[in-house]
Amino acid sequence: MQANEIRTRFIKFFGMRGHREIPKAPLVPPNDPTTLFTSSGMQQLVPFLKGEPHPMGRRLMDSQPCFRSEDIDEVGDNRHITFFEMLGNWSLGDYFKKEQLPWFFEFLTEEIGLKPERLYVTVFEGDAVVPKDEESVTVWKKVLKTNAPARKGADGFEPTIKIYTYGADKNWWSRSGIPANMPPGEIGGPDSEVFYDFQTSHDPKFGRVCHLNCNCGRFVEIGNSVFMQYEKQADDSFKPLPQKNVDFGGGLERIASASQNQPDIFNIDIFTEARKTLEKVVVVSSPESIRAVRIILDHLRAAMFMVSDGFEPANKLQGYVLRRLIRRAALHSKIADIDLDNSINLVIDKLCGSYITVDPNLGENQGRILETIRIEITKFEKTLSQGMKKVLSKVGGGTITGTELFDLYQTYGYPPELVKELAAQKRVMVDGKGFEEAKRQHQETSRTATKGLFKGGLADKSDETVKLHTATHLLHKALREILGNHVRQEGSNITAERLRFDFSHPRKLSGEEIAKVETVVNQKIKEDLPVHRTVEEKDKALKSGALAFFKENYPAMVSVYTIGKDPAKEWFSKEFCGGPHVKSTGGIGGIRIIKEQPVQSGIRRIYAELHS
Ligand SMILES: [Zn+2]
Ligand SMILES: [Zn+2]
């Protein structure tokens with residue numbers, strides 16, 4: 001069955017069981033500065049899994065585009081991909097194991113047509129503090145019509161046994177990992193995975209015996225039901241939660257590969273047309289060219305969705321990941337002698353074509369996608385010849401240090417293996433260990449850099465910064481009152497010393513206007529208005545008059561801050577915002593506008609500081 005059909009059937013199947021389809025989150029989560037990309041369906045649902053009521057009810061579902069940048073270097077074998085779609089269904093304190101497990105099994109066998117004899121399942125085997133998930137074992141026995149006892153997964157696979165148990169490293173979910181690592185108050189629970197058996201032969205390099213979680217590729221996990229049912233206590237015990245949730249996620253591409261019985265994920269229908277195009281322009285078919293074709297397909301598909309979502313190649317954050325994807329695809333086309341220049345047009349056309357019925361944006365953006373990728377490949381080719389010179393300059397002995405190797409990798413996208421190959425021919429030493437160290441250091445720095453990005457342009461979360469952040473909301477509204485409703489936020493940056501606020505306005509503010517704005521803000525501070533946070537449906541919030549920062553893509557459910565006596569009726573300011581804020585405006589004390597200046601045509605900037 002084709003991937004598009006599987007997606008449609010999933011939505012219909014769970015729709016008939018009382019689920020409502022929530023809108024997809026954008027590929028880049030707008031209100032979560034701790035992560036660069038949406039990497040699972042549950043990401044946008046975290047507050048609701050913790051107990052906040054969801055306006056669309058207790059049974060939800062969707063198909064969520066996801067990207068996992070940590071998998072980039074793994075791409076090239078027959079199953080790793082960076083971009084994928086995750087089918088998801090959720091019960092927020094509604095149904096539990098005895099509904100979820102049979103439903104998913106029914107979906108796989110009745111709707112998709114997978115043969116039950118090809119399916120095997122895993123459950124949590126228990127540890128010193130949390131008991132074995134007997135409930136799931138009982139449900140599965142009934143569903144799979146088996147009396148055979150569950151077997152320990154590590155003991156190996158046996159076709160007549162359908163249920164296997166694994167420890168917390170495989171069948172336990174919490175944000176901090178295994179039960180022992182969870183802090184008191186954190187929620188978690190066992191999960192149950194379904195595996196499809198491709199019936200390929202086991203490769204002993206992955207271990208003596210084959211089992212469901214073996215990495216040889218025989219078994220592929222096609223869906224995981226997480227049962228959030230425990231809260232860790234201060235004494236390290238686990239207490240059952242009053243609200244038990246189901247969080248299910250299943251990779252669409254993997255379910256498609258099971259349905260099409262293709263152990264090679266790049267052979268599924270989504271990739272077929274684009275793959276054929278590339279295979280026509282490969283000069284020699286070799287292991288490198290098979291690997292290169294997979295890398296090009298995966299990376300360009302991910303790049304296509306990122307560009308369509310509004311991202312451009314850049315030197316930091318998401319833009320940097322996009323740049324690496326395009327450059328890696330281009331590099332591997334060179335290694336394998338694939339004429340990407342003359343086939344890229346068609347490859348993008350075929351990849352877009354696979355999604356045209358489900359994502360019309362792709363069709364509309366196709367021209368821009370192609371142009372962005374082309375420009376980046378041209379830039380890459382220029383730097384590549386510079387990088388090549390650097391490697392060749394070492395000819396005749398010497399060592400390429402770890403830092404140099406990382407630099408080549410980072411700047412030019414050279415995989416270290418390729419440098420080693422070049423280098424070996426020229427009898428140049430390569431410091432591979434030094435490379436790993438340089439890479440680790442870089443990852444740590446970028447992780448810290450990502451963590452440093454707080455919401456709303458805040459430099460930190462000090463008291464002063466939080467006060468100035470609330471003052472920024474008051475300022476935004478005051479500017480609209482004094483200057484008119486054409487005023488929109490264009491940017492903001494807040495430190496403990498001052499706030500900086502950019503907004504649209506065609507001309508310089510007069511001294512009188514500045515004084516009026518300052519007076520309004522200080523008046524609202526004096527009134528000591530309460531600050532409320534609510535989570536609302538995006539469209540409803542917009543309709544109620546909440547201001548959104550137009551440069552952001554917001555998810556279906558948004559966090560909104562309202563300043564005023566009554567958040568439903570009587571308020572002064574209402575904005576989409578992730579916080580944090582003071583409890584009531586009196587806490588700000590007072591502000592003073594210190595500067596007003598132009599940023600660019602039509603945009604002004606105001607600086608203000610705390611002043612009481
Ligand atoms: Zn195996
Ligand atoms: Zn804000």
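Predicted model: local features only at pLDDT ≥ 70, side-chain atom pairs only at ≥ 80, totals over all residues.
A nonpolar core here is a set of buried Ala, Val, Leu, Ile, Met, Phe, Trp, Tyr and Cys residues joined through C-beta atoms within 7 Å; buried takes 20 or more other C-beta atoms within 10 Å of a residue's own, with C-beta atoms placed from the backbone.

Residues are numbered from 1 along each chain as its sequence is written.

**Cores**

I looked up the largest nonpolar core: it has 102 residues, and I296, L300, A303, M304 and I348 touch the most other members. Helix α8 (residues 287-308) gives the largest share, twelve residues. Domain 1 (3-264) and domain 2 (268-379) both contribute, so this core lies between them; the bounds come from an automatic or database domain assignment.

Next I checked L300: beyond neighbours within four places in sequence, L300 contacts A329, V347, I348, L351 and I373 (contact: backbone-placed C-beta atoms within 7 Å).

**Sheet**

I then went to an open sheet of three strands, order β15-β16-β17, paired antiparallel (pairing: at least two DSSP bridges; strands are DSSP E runs of at least two residues, helices H or I runs of at least four). β15 (531-537) and β17 (573-576) are the edge strands. Four bridges join β16 (residues 557-563) to β17, and I563 stands opposite S573 in β17.

Last, helix α15 (residues 463-483) packs on this sheet, touching β15, β16 and β17, at about 115 degrees to the direction of β17 (axes fitted to C-alpha atoms, for helices over the stretch in contact; angles from 0 to 180 degrees between N-to-C directions).

Key:
Chains lettered and ligands numbered in written order. Contact = placed C-beta atoms within 7 Å. Buried ≥ 20, exposed ≤ 12 C-beta atoms within 10 Å, placed from the backbone.
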